[in-house]
Amino acid sequence: MSYKIAVLKGDGIGPDVVDCTIGILNKVAAENGTVFEYNEGLIGGIAIDETGVPLPVDTIEICKKSDAVLLGAVGGAVGGSKWDNPDGNLRPEAGLLGIRKELGLFANLRPAVIYPALKEASPLKPEIVGDGIDILVVRELTGGIYFGEKFSGDDYAYDQMKYSVEEVRRIARVAFDAAMKRNKKVTSVEKANVLEVSRLWRKVVLEIAKEYPEVELVHMYVDNAAMQLIKDPHQFDVIVTGNMFGDILSDEAAMITGSIGMLASASLSEGTMGLYEPVHGSAPDIAGKDIANPIATILSSAMMLRYSLEMPEAADSIETAVNRVLGEGYRTADIAKDGDSIVGTVKMGEKIMKYL
Ligand code: IPM
Ligand code: MG
């Protein structure tokens with residue numbers, strides 16, 4: 001078999017973690033008699049520097065011709081970078097939003113998992129963490145307030161929050177399908193006490209739920225969901241929600257694991273095309289220093305093997321290798337505590353590769 005993978009390293013530590021992951025993928029390819037053909041494209045700040053726009057047409061073309069996209073990170077330093085721009089379309093982040101829309105990546109899967117070896121990293125009390133946390137946030141990614149009509153005038157501005165029945169149906173199905181393979185519970189998060197769009201959301205999710213009689217469905221307002229995630233994360237299995245609420249809640253869910261450097265994500269379209277990227281950002285302060293944690297990207301590549309490339313065993317083998325390396329006490333600096341063996345990006349990749 002042969003697959004085309006578009007590689008968008010992006011900014012900051014993007015190149016560090018993607019290069020490391022490609023090392024892992026090469027070994028996976030060799031061991032499975034598969035060929036991965038990598039095609040690099042520019043996205044984000046580096047694309048602005050080299051072409052003037054955050055998502056060059058070439059990049060879109062490369063992605064559309066590929067079976068999957070592996071992305072590092074986009075954007076500059078939080079709180080100010082040379083790419084800050086009053087024109088939203090010329091910011092690095094616009095590259096990410098653009099590629100999601102261009103590829104129709106409507107379903108964003110963000111697993112928030114506490115690895116047994118990293119339990120103490122959670123900022124929550126041990127009695128709340130219990131024997132670990134495993135939540136899957138399913139965020140609608142190409143609709144809602146992010147992509148509604150926008151207007152900016154001198155006296156006012158607005159962003160419209162709109163969902164069609166079909167958009168809610170398809171994301172709800174992704175969530176229920178995922179729940180069937182997990183613990184059979186879906187929490188649908190919206191603000192139906194205030195928003196029309198949320199009342200529609202709730203109605204449609206209820207209708208889809210009838211197709212999945214085995215799955216328990218709970219409706220929750222977003223403000224309460226923000227509290228419940230901290231109070232009792234074990235009540236959640238799959239959370240399904242719109243673009244904006246999903247943006248916020250997936251960060252919160254990531255934080256309660258305490259190890260954002262470990263978290264992978266997949267953004268899927270109707271077909272097998274998907275974009276895979278770490279949940280963490282570009283961390284420009286540590287870029288190029290061989291200290292970034294590559295595990296989130298490596299685990300994202302495992303999701304790529306599973307969802308886009310039909311190589312589930314290879315995906316399992318990466319995940320198992322990561323757990324073994326953690327079990328042996330190897331850590332990058334971001335997840336290390338006293339007594340751990342601190343390794344850099346490259347070394348971490350090599351350790352994981354050894355167990356593939
Ligand atoms: C994310 C990010 C993006 C989003 C930004 C960078 C546009 O926060 O992937 O969660 O809001 O979707
Ligand atoms: Mg976000």
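How many Å separate an oxygen atom of ligand 1 from an N or O atom in the side chain of Arg-139?

1. The distance is 2.8 Å for Arg-139, a polar contact (a pair of N or O atoms within 3.5 Å). An oxygen atom of ligand 1 also lies 2.7 Å from a side-chain N or O atom of Arg-100, and for Tyr-146 the value is 2.5 Å.

2. Please keep in mind that this is a predicted model, where local features need pLDDT of at least 70 and side-chain atom pairs count only at pLDDT 80 or more, while totals for chains, interfaces and linings use all residues. Residues are numbered from 1 along each chain as its sequence is written, chains are lettered from A and ligands numbered from 1 in written order, and side-chain values use heavy atoms, without hydrogens and water.

3. Now look at the shell (residues with a heavy atom within 4 Å). Around ligand 1 you will find Glu-93, Leu-97, Arg-100, Arg-110, Arg-139, Tyr-146 and Asp-247. Five of the shell residues are charged, two nonpolar and none polar, with Tyr counted as nonpolar and Arg as charged.

4. Domain 1 (1-105 + 275-356) and domain 2 (107-268) both contribute to this shell, so ligand 1 lies between them; the bounds come from an automatic or database assignment.

Conventions. Polar contact = N/O pair within 3.5 Å; in protein donor to acceptor, adjacent residues only side chain to side chain.
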